[in-house]
Amino acid sequence: MRLEGKVALISGGARGQGAVEARMFATEGARVVIADVLEDEGRQVEAEINEQGGECLFLRLDVTSEANWQDVVAATVDRFGKLDILVNNAGIYRTETVEETSEELWDQVMDINGKGVFLGTKAAIPEMRKVGGGSIINISSVAGLVGSELSAAYGSSKGAVRIFTKATAIQYAGEKIRANSIHPGIIETPMTSELLKDEEHRQYRLNRTPLRRIGRPEDVAYGALYLASDESSFVTGSELVIDGGRTAM
Ligand code: NAP
């Protein structure tokens, strides 16, 4: 198994891509903590993984709170003894243009998508240092690579995640703590399901995706699995683009 003996913490793991990553990581031998603001969904995923023979713990986490992060990392180590892998996956999507974006909306998106990744990384590093290394996987977006006609704050927050990942990679490579970002294109999850119900919008997305399909959470989870495993031990500061060809256009 590709993650045998490892302990992983996945923020926003109650649903969508995070929940699929949690199931996949558990199947590959990791003990998994899922941490999210959504308690009912999180407990459901926890129960499902444990019923299927995996080891999973759900913890409530608001990624914008440093105190919450410290509690969650401490509870992870208390339960499973260590922390090897952090997936900073929690995020929100907003589609306002520059002029439509209020100061409040900007701050909310930056707080969850940007500050949340910083706080998670900061909380995890001391535990990774104790075990001689680790893998931090930050879920950015294609909107963190190229400009979007649909959003201002969202892409800005994801661009911040991209460069924060590289700073982390450089600063901690000497301690074998790796950090990489993943840049998904459009993926069908609860985050996008309403948007994609609109046939016109779905067609707009398909037209901008050379592989002519909407991505599945598994497409991203397989990338996260590679970056979490020792197969990627020479990979840090990189950008894994999983977008059906969207940014190659
Ligand atoms: P999702 O189904 O909405 O999952 C995201 C999870 O994060 C939700 O459970 C959400 O809960 C949680 N969350 C939001 N704010 C939080 C906070 N303050 N603290 C802790 N958890 C919080 O979306 P997804 O599609 O799986 O997205 C996962 C990641 O991929 C996100 O970072 C997203 O930006 C990124 N991404 C998604 C796509 C896509 O097309 N789906 C494309 C590129 C990148 P709430 O219900 O409360 O929001």
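Visitor: By class, what residues does the lining of the largest pocket have?
Guide: The lining has 21 nonpolar, 15 polar and ten charged residues. Here Ala, Val, Leu, Ile, Met, Phe, Trp, Tyr, Cys and Pro count as nonpolar, Asp, Glu, Lys and Arg as charged, and the others, Gly among them, as polar. A pocket is an open set of points on a 1 Å grid over the protein atoms alone, where a 1.4 Å probe fits, with protein on both sides within 12 Å along at least five of seven lines; lining residues have an atom within 4 Å of a point.

Visitor: What should I know about the model itself?
Guide: This is a predicted model, where local features need pLDDT of at least 70 and side-chain atom pairs count only at pLDDT 80 or more, while totals for chains, interfaces and linings use all residues. Residues are numbered from 1 along each chain as its sequence is written, and side-chain values use heavy atoms, leaving out hydrogens and water.

Visitor: Where does the ligand sit?
Guide: In the largest pocket, meaning more than half of its atoms lie within 2 Å of the grid points.

Visitor: Which residues lie nearest the centre of that largest pocket?
Guide: Gly91, Ile92, Tyr93, Tyr154 and Met191, out of 46 lining residues.

Visitor: And how far is the ligand from the side chain of Arg15?
Guide: A ligand oxygen is 2.7 Å from a side-chain N or O atom of Arg15. Asn89 has a backbone N or O atom 2.8 Å from a ligand oxygen, and a ligand nitrogen is 3.0 Å from a polar backbone atom of Val63.

Notes: A polar contact is a pair of N or O atoms within 3.5 Å; within protein, one must be able to donate a hydrogen and the other to accept it, and residues adjacent in sequence count only if both atoms are side-chain atoms.
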